Structure formats: C-alpha cells, structure tokens
Amino acid sequence: MAQKPKRTKSGRAWMHEHVTDPYVKKAQTDGYRSRAAYKLLEIDARDRLLKPGMTVVDLGAAPGSWCQVAARKMKGQGRMLAIDLLPVAAMPGVESLEGDFTEPAALNWLTERLQSGRVDLVLSDMAPNMSGVGLRDQARHYELCDLALDFAVQWLKPDGDFLVKVFQGVGFEVFRRSMQAAFVQVAIRKPDASRDRSAEVYLLGRRLRNADDPAVTSADEGV
C-alpha cells in the first residue's frame, strides 16, 4: 500500500496560515471563490472602478472571485469577459475562456466578442507558474504585464482604467514608467487583503494619455 507523502514544514505552515486567514473565512461566508475578492473590493471602494453598464475584461481570472465582484457591482448590466489557463466555473453575466492569453486564439476570442466595442476596465491578476528561480519568474511575470498593458492600450475607452498585479523588485520601475507613458494617472495600491510579507502590489492606470496631457506627478502614485 502506497504511503501518504509527508507534509513539509513549509507546507504545514502554509496550510495553517490558509485555514486561519480571516479573509479566507470571510470569503467562505460571503460566497466568494477566493480571498482575492477583497483585494478588488477594497480598491474599488477607494477608486470606484466598477459600475453598471460597463464592459470589463479580466485576464488571469480563475477561480473567478474578481468576476464575482465585478458582476455583483454591475448588477446584471454590462459585459464581463474572462480568460485563464484554468477553468472559471460558470456564473451569471460572465463569458469565460479556458485558454492562454499569450496565444493568438485567446486574443481572437476576445476580439470576436468585443468586435469594434471598447472596454471600460481591464483587470489583470495574471502570474506565471513559478519555477523557483527568482529573476526568471520576475521576468516572466513582467512579460505578462506588458502583454496586458498592450491589450489595455489597444482596447480601452479614452477614460478607461487598467488594474494590474505586479511584484516589487526587478522590472517594477521599468513597467511603472511604461504605465506612466500610457495613462494620465498611475497609482500604487496595496490592499489590506494582500499579505504583508508579499511583494505583491497593484498598479492602477486611469485615462489613456494623449499628446496634450501633462506628465504624471508623484501625487498620482500614492498607496
């Protein structure tokens, strides 16, 4: 009879943190698919990103908690398109694709559904499968961020917004400058639901830039 694999010390610590996490417990009570819902809820409470009638694209959507938040805020009015390598279980008001955003097929799926319509909000919670090699993982993550930014610039309405998960460290400042070149305002957000030990923060770009817009000021970048 095969023996059960033993849990490592780090695995036991993660499991203990997970089951005792107040946001995990709250998500179970409130019916959200993961604790990540509270990151978007907190950012939305501050920045008022979501409202009925919007068209929203969620990149890296699984398991779907951000879609849940958006759909509830939109109150059945508007469109929600979601993509992830992992399946997003069906929910009312959300069209989803199990696919790779870096591949043409996924972009074609989005293009076919958007047609000539523009997007009010692009959300990106994408992250690569981690190899454990820090610099390589960071570089792969920012490749995904660059692709999400390119999509946002191409498809957002002039007053649209782009919210993207990033990790502080190598590549952060370069990507933030790319955001500043694309948007009138760029802000850093670190919601309470992000664990303190995590290097994860969110960059929020507001209103696509045109040639007449002034440079982004430091006041636009506050946490």
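**Close-up views of a predicted model**

**View A. Cys145 is a buried cysteine.** The relative accessibility of Cys145 is 1%, so this residue counts as buried. The model is predicted. Cys67 is buried as well, because its relative accessibility is 0%. Buried here means under 20% relative accessible area. The structure contains zero disulfides. For a pair to count as a disulfide, the two cysteine sulfur atoms must lie within 2.5 Å.

**View B. The largest pocket has 38 lining residues.** Its volume is about 1100 Å³. Which residues lie nearest the centre of the largest pocket? They are Asp125, Met126, Ala127, Pro128 and Lys165. Four elements are shown for this view, as listed here: helix H4 (65-74), strand E2 (78-84), helix H6 (134-155) and strand E5 (156-167). Each of them gives two or more residues to the lining of the largest pocket. H6 provides the largest share, three residues. By class, the lining of the largest pocket holds 17 nonpolar residues, nine polar residues and twelve charged residues.

**View C. Ala127 sits in a loop between a strand and a helix.** The strand is E4 (119-124), and the helix is H6. Ala127 is among the residues nearest the centre of the largest pocket. Is Ala127 buried, partly exposed or exposed? Its relative accessibility is 36%, so Ala127 counts as partly exposed. The cut-offs behind this call are 20% and 50%. Leaving aside residues up to four places away in sequence, Ala127 touches His141, Leu144 and Lys165. Lys165, one of these partners, also lies among the residues nearest the pocket centre.

**View D. Ala127 and His141 pair up across the sequence.** In sequence, 14 residues separate Ala127 from His141. In space, their C-alpha atoms are 5.6 Å apart. The two residues are also in contact.

**View E. Helix H5 (residues 104-114) has a buried face.** Ala106, Trp109, Leu110 and Leu114 are buried in H5. Seen down the helix axis, the buried residues of H5 fall within an arc of 120 degrees, so they line one face. What lies on the other side of H5? Pro104, Ala105 and Glu112 are there, and they are exposed.

**View F. Gln115 follows H5.** The phi of Gln115 is positive. Its value is near 50 degrees. Leu114, a residue of H5, is buried.

Note on methods. Residues numbered from 1 in each chain as written. Predicted model: local features only at pLDDT ≥ 70, side-chain atom pairs only at ≥ 80, totals over all residues. Heavy atoms only, no water. Buried < 20%, exposed > 50% of the residue type's maximum accessible area, 1.4 Å probe, protein only. 1 Å grid on protein atoms, 1.4 Å probe; cavity = no way out; pocket = protein on both sides within 12 Å on 5 of 7 lines; lining within 4 Å. Points joined across faces, edges and corners; volume = space filled by probe spheres on them. Nonpolar A, V, L, I, M, F, W, Y, C, P; charged D, E, K, R; others polar. Arc of directions from axis to C-beta. Contact = heavy atoms within 4.5 Å.
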